[in-house]
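Here are a few exercises on how two protein chains meet. Have the viewer ready, and try each task before reading its solution.

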Amino acid sequence: MSDRAGEAALRMAGRAAYQRVLLDLCNAAADRGGIRVAAELARLLDLDLTGVFVEDTALFGLAEYPFARELRLPGHEWHKLDPGRIAAEVRAAAETARRLLDEHSAPLGIRSLFEVVRGDPSGSIAALSGTSDIVVLVEPAAPSERLARAFPRAWQSALRSAAAVLLVPPRIARHHGPIAAVVTSAGDPALATAAAIAAAAGEQLLLLLPHDDALKTAALAAARAAGLGGGQVRTHRLRAATTQEAVLHALGTTQERLLVLTRAAGGVPDTAASHLAAARRVPVLVVEPDAAG
Amino acid sequence: MPDNDLGTIPSPDGVAALAPAHLARRTDLAGLAFTTTADLAPIDGAVVQPRAADAIRLGSAIPVRGFNVFAIGASGARIRQAVSAVLAEATSARASPPDWVYVNNFAVPHRPRAIVLPAGRAPALQKTMQHLVDDLRVALPAAFESEDYQRRRGAIDDEIRGRGERAFNALGEKATAKRIAILRTPMGFAMAPARDDKVVPPDKFNAWPEAERQAVQAAIEELEPELEQTLRAMPRLDKERRDALRALERQTAHAAVDQSIEEARAAFADLPAVLEQLDAVRADLIENVYLFVNPHAAEAEGQQAVTRPGSPFERYDVNVLVTQADRANGAPIVEELHPTLGNLVGRVEYLSQQGALVTNFRLIKAGALHRANGGAILIDARGLLSEPFSWPALKRALSQQRIVIEDVAHVIGIAATVSLEPDPIPLDAKVVLFGDRILYYLLAALDPDFAQHFKVLADFDDDTPRTPDSEAVLARLVADIARRDALKPLDRAAVARVLDHAARLAEDAARLTLMVELLHELVVEASHWAGVAGRAVVGRADIDRAIAEQRRRAARIEERGREMILRDIALIDTAGSRVGQVNGLSVLSLGTHAFGRPTRITARVRPGTGRIVDIEREVELGGPLHSKGVLILSGFLAGRYALDSAMSLSASLVFEQSYGGVDGDSASSAELYTLLSALAEAPLRQDLAVTGSVNQLGEVQAIGGVNEKIEGFFDICAARGLSGTQGVLIPAANVQHLMLRDEVIEACAAGRFAVYPVRTIDAGIALLTGRPAGVRGADGAYPEGSLNRAVEDRLKAFAAVRRAMGDGTDGAAGKER
């Protein structure tokens, strides 16, 4: 890929391709770290940040069951479901989410919007997103959240959408360090996106590349086109098989702050993204292969 | 009465004037070889104060509690400088005292620990701790971001979270199998019937067969306890996780901290207190590793229990309170001229953080006692006593032999801010107070603790006997003044003039003042005038100019008074004779300037009961000493003239045109002369002025301010034109005090003015009246024509008048006849 091609890719993958960061606040409200990551990404790529709070329609319907009860935390006491109280508590949760969004976006000077929609929390964000969006999903830290199974379903829905997806694991290891990208082809959109973020953040770019000199040359040219100097780009060799084990091996002792992957299509399998995020304790950004054009 | 022993010049009327040689004593520097003061070796003021210097040496040499020094003397004696010089000499051989630092007390933060270190090592400890923190700020984050730590932490997370997740997954699967959905509510969890992983709406559920609905309800009732039980297990898992992570953090922190701490310990292996502190630092670092690794997390987890102004790492810092690192050998000598409580015993400062005042051990500031520890401290006694709380605090420190930092606001109970109670520091300093004598005497009389703490008195003389040796020493002191202030050197004549002036300042030709500050001012001004005149060396003329300028600057009142006399507003005759009227002399002191002024004193007599009315006293303008002098006159008159009968005299005495207070008895001889003149109806010479007190035997006694008094009358006479008969009668005992101005001496030498030394009233009255006083003959009577005879005859006449009137009681001032 020539420099010109690299620039084109960056424009498309960066400011030109993405316009909005779409943050799922249902889960993120419990983890300020996730909101911070979303806000920083919006700032780095100069995108709008939209926080979405989904009111669960099933929850409102549930209150109409005569036998429905709620186990309230942290007292672990059973109470009959009261539709009015549930509505008030949902509104309060939404307000809390709005406040947290404002607290994190205002200091960074980014544009932020807050939306409340009613629907299925596991699918609403994906339904709202498009190719110009980066959906941010924050994995709940509490094991109890597994009970509702909302997050796995939301993650799957997001992966099926046309948007890029940023998965933020619980308790992020670090907020500074290189931007790592798994690059499997010259036009891999992960390269352009990672380069754009690294350049904006002033961080190093670590390219995980298969053994392919032509690809390496093209990738380095694209990085230079993004404004990264020679000392700001490193490459690690990626085993031929693009499995999560290969990625972990290639990362080695790197203290990266973000890992960028391109979804399937010869790249790392979708399912690996969540495992990598958990293993490295860093956010993983999964971009669409179509974005490369 | 001739006074030939005083070197007098015989006069035609039998009373002799003083020879010019006795009107001032000139300095003789013949024994001191120098051209200018630049040739003279320096000397300090203590040399001329051997008694005081010895006292200070004694006080500083006795290491027993209470042997502190109180140096007293006049303010111009430069006591502080002299004491400082003596102390420096006395303590120069002592070893340097130790350093003191304050460090954080991790167990009780509001009570910082004081640690003593060998002299000069405190800065090294401070630097060591700063390096330690700097190292750990890199090493600890690196350790906690290391792959190894992250992996182990992830393993703990995974293991414990996994257990929780497995439990929830199992419950979730069981619920799914029973077609039950578990929903997250804002405040907890709830269960609902489900189909295809979606909650069944109520209307559809109600359409289900009754059996199916009951089965769902039964399933929910069965699952609810399991849900509750599973959720209740979570806090225990969370605690288990936190404990495991904390243990990992400690382990990781230990690995990073131990090496740095051991390096620090090695440098202070000989100091157990420092090692103990380093162990405390190590323990605190392990417990507060978040300060280094993730400050935001530390705040979130409430790690700021110890409120810290400024950097969170200050808690590991070292506050060097006092160090000898920058000093040469020897004990410190500290001068505290502004002894507020804080300046004396140290203070705790505060910083404002979000509207609240906070502090810590780093804001402890040393006081003068801390800095003087192991040496000596000089404190201005007046300043000490005028500062609230300082004097009691000093006494407490001396009693307890330790320095306790006290906060004024807390002492008086106006502060609600939490403050510190730093460890007291042992006090081992010699305290030297210096100040006016009155302060010492008042404290000795009124403060019962005073004698316990200040057992050594260093009394600085105001002046010293004038000998060739003392003149030489003072000359070197003048040289030292010129050298210290980089003034122009003084030539021999100038030095001699300064020493003459020193005798004048001492009001005694036989003594030299030790008010070094006054000499300092004179030399500084003379150097200035020499510069104005373009001279490189200060000469006698420059000293004269400086003295004249000093007088001129302060002479406004003096000149106004003289002008009033010369314009006959204030009535003073300088020629002719008057009955019952004499020129008395008084001295006015305004600040540093004193000048003499003639005052007309008059007396009126009449028959009465022997009472002399002192008008000054009657109108409460006369002080007790003046009244005493007047009462002595009654004794003199009664003893000399009323030998065989009661005194039948009523007299009044007044200082004419005097509108202020009058005190002292220096005018009592003048008052007696007016009384005798009035009784004898013998005119007194108005070209003479009189000073001197008198006793009941008629002896004239010494008074103060003789030079100013003579010069005061001389200036009036000179302004009107010296007649050649004018002069001043002074007590013979005051001749030794004469240090008159050159122009007065020159006038006397030329016979245009005279100073008469008088020993008795008889000698004085003879000079003033031109008549002999007379001595009782064998018949008990005074000779005919003598003044005493005239007085006695008048008194007898008064007695006859009273007898004729049959009046045994008089005394009313308004019954004059």
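**Exercise 1.** How many residue pairs are in polar contact across the interface of chain B and chain A, and which elements of chain B supply its side?

*Solution.* Start with the pairs: in this predicted model, the rule finds nine residue pairs in polar contact between chain B and chain A, both residues being at pLDDT 80 or more. Next, go through the elements of chain B: α4 (147-177), β6 (180-185), β7 (188-195), β8 (198-199), α5 (202-207) and α6 (210-267) each give at least two residues to the side that touches chain A. Of these, α4(B) provides the largest share, 13 residues. Finally, sort that side of chain B by residue type: 20 are nonpolar, nine polar and 14 charged.

**Exercise 2.** How many salt bridges link chain B and chain A?

*Solution.* The count is two. To check one of them, find A:R171 and B:D157: their closest N and O atoms lie 3.7 Å apart, and the cut-off is 4 Å, so the pair qualifies as a salt bridge.

**Exercise 3.** What area do chain B and chain A bury between them, and which residues of chain B lose the most?

*Solution.* The two chains bury about 3,800 Å², with 56% of it on carbon and sulfur atoms. On the chain B side, B:R161, B:M187 and B:F189 lose the most area to chain A, together 16% of what that side buries. Now follow B:F189 into β7(B), where B:F189 is the bridge partner of A:L71. Strand β3 (residues 69-72) of chain A pairs with β7(B) in the antiparallel sense, over three bridges.

Terms used: Residues numbered from 1 in each chain as written. Chains lettered and ligands numbered in written order. Predicted model: local features only at pLDDT ≥ 70, side-chain atom pairs only at ≥ 80, totals over all residues. Heavy atoms only, no water. Buried area = accessible area lost by both parts, 1.4 Å probe. Salt bridge = Lys/Arg side-chain N within 4 Å of Asp/Glu carboxyl O. Polar contact = N/O pair within 3.5 Å; in protein donor to acceptor, adjacent residues only side chain to side chain. Helix = DSSP H or I, 4+ residues; strand = E, 2+ residues; numbered from the N terminus. Nonpolar A, V, L, I, M, F, W, Y, C, P; charged D, E, K, R; others polar. Pairing = 2+ DSSP bridges.
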